[in-house]
Amino acid sequence: MSATAELATTQEILEQEIPENFIFPPGDLDSDEHSVETELHLRQIILLLNCLEWLWRDRNDFYAAGNLTIYYCSKQLKSKDFRSSDFFVVLGSERKTRKSWVVWDEEGKYPNIIVEILSPKTANTDKNFKKQLYQDTFRTHDYFWFDPETLELAGFHLLDGEYEAIAPNEFGHLRSQQLDLSLGISGGKLRFFTAGGELVPTSEEVAEKEAQRAGQEAQRADRLAAKLRELNIDPDTI
């Protein structure tokens, strides 16, 4: 079935009236995600999560997840429709652990930004069906896709109800208006960047940098102490 036909079928199902005796599914639905395509996909998803959660470590007004099912429905009616996304962020929501993202239990909120990690198996769906779904049903403001093999990166912003391609900024990055961050490639990986073009680090990178700084300071202190001893000055008495 083509992406257009699949979307049309989905819309027809979503627009059907829900009978009064319809039994609504529970809100705590388990994620229906399959395993990620490759180790590259897994590491890329974890990298995005790590960077954003470190950067926003003092914030509790967002939810970010990877390889998790989004259960949704047209006009916020309760149904069994769902779609998986590799990485997404919902703003203005409680930061807590969830089994899945269930739209009708989250005040009708859909992701503000979605990133799909392409593979030969999923690229066509991500570039066509999912793009149309995120535009017309999810109304997700920022949508990006990234190929970890070819390093293809594209981004779209919702403007007047339709996706418009995001042009690279002066640093060659694609800005997400929703996150007030940009997405770009560094070291063959998709990374977040600040408005000034600075790389958003992972918590491990921050710890490593702090350890290096501490080591350099210790070396300077040792050199100073050695110099004072050459001058017959006991550094411990200063």
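This is a predicted model: local features need pLDDT of at least 70, side-chain atom pairs count only at pLDDT 80 or more; totals for chains, interfaces and linings use all residues.
Residues are numbered from 1 along each chain as its sequence is written, and side-chain values use heavy atoms, with hydrogens and water left out.

Let's start with the whole chain. There are five helices and ten strands; these are DSSP runs numbered from the N terminus, H or I of at least four residues for helices and E of at least two for strands. Of the 238 residues, 41% are buried, meaning under 20% relative accessible area with a 1.4 Å probe, protein chains only. Taking contacts (heavy atoms within 4.5 Å) with a separation of 6 or more, 60% are between residues 24 or more positions apart.

Now to some strands, which pair if DSSP finds at least two bridges between them. Strand β8 (residues 174–176) runs antiparallel to β9 (residues 181–186), joined by three bridges. Ser176 has Leu181 as its bridge partner in β9. Four residues sit between the strands of this hairpin, and Asp180 takes a positive phi near 60° there. Moving along, β9 pairs with β10 (residues 189–193) over five bridges, again in the antiparallel sense. Here Ile185 stands opposite Leu190 in β10. This hairpin has two residues between its strands, and Gly187 in the turn has a positive phi of about 60°.

Next, helix α4, residues 129–138. Why do we call α4 largely enclosed by the rest of the structure? Because seven of its ten residues are buried. Among them are Phe129, Leu133, Tyr134 and Phe138, and also Lys130. Just after α4, Arg139 takes a positive phi of about 55°.

Finally, the second largest pocket. A pocket, on a 1 Å grid over the protein atoms alone, is an open set of points where a 1.4 Å probe fits, with protein on both sides within 12 Å along at least five of seven lines; lining residues have an atom within 4 Å of a point. The space in this pocket is about 170 Å³, counted as the space filled by probe spheres set on the points. Which residues line the second largest pocket? They are Arg43, Ile46, Leu47, Asn50, Lys189, Thr202 and Glu204. Helix α2 (residues 39–55) gives the most to this lining, with four residues.

How values were computed:
Buried means under 20% relative accessible area, exposed over 50%, partly exposed in between (1.4 Å probe, protein chains only).
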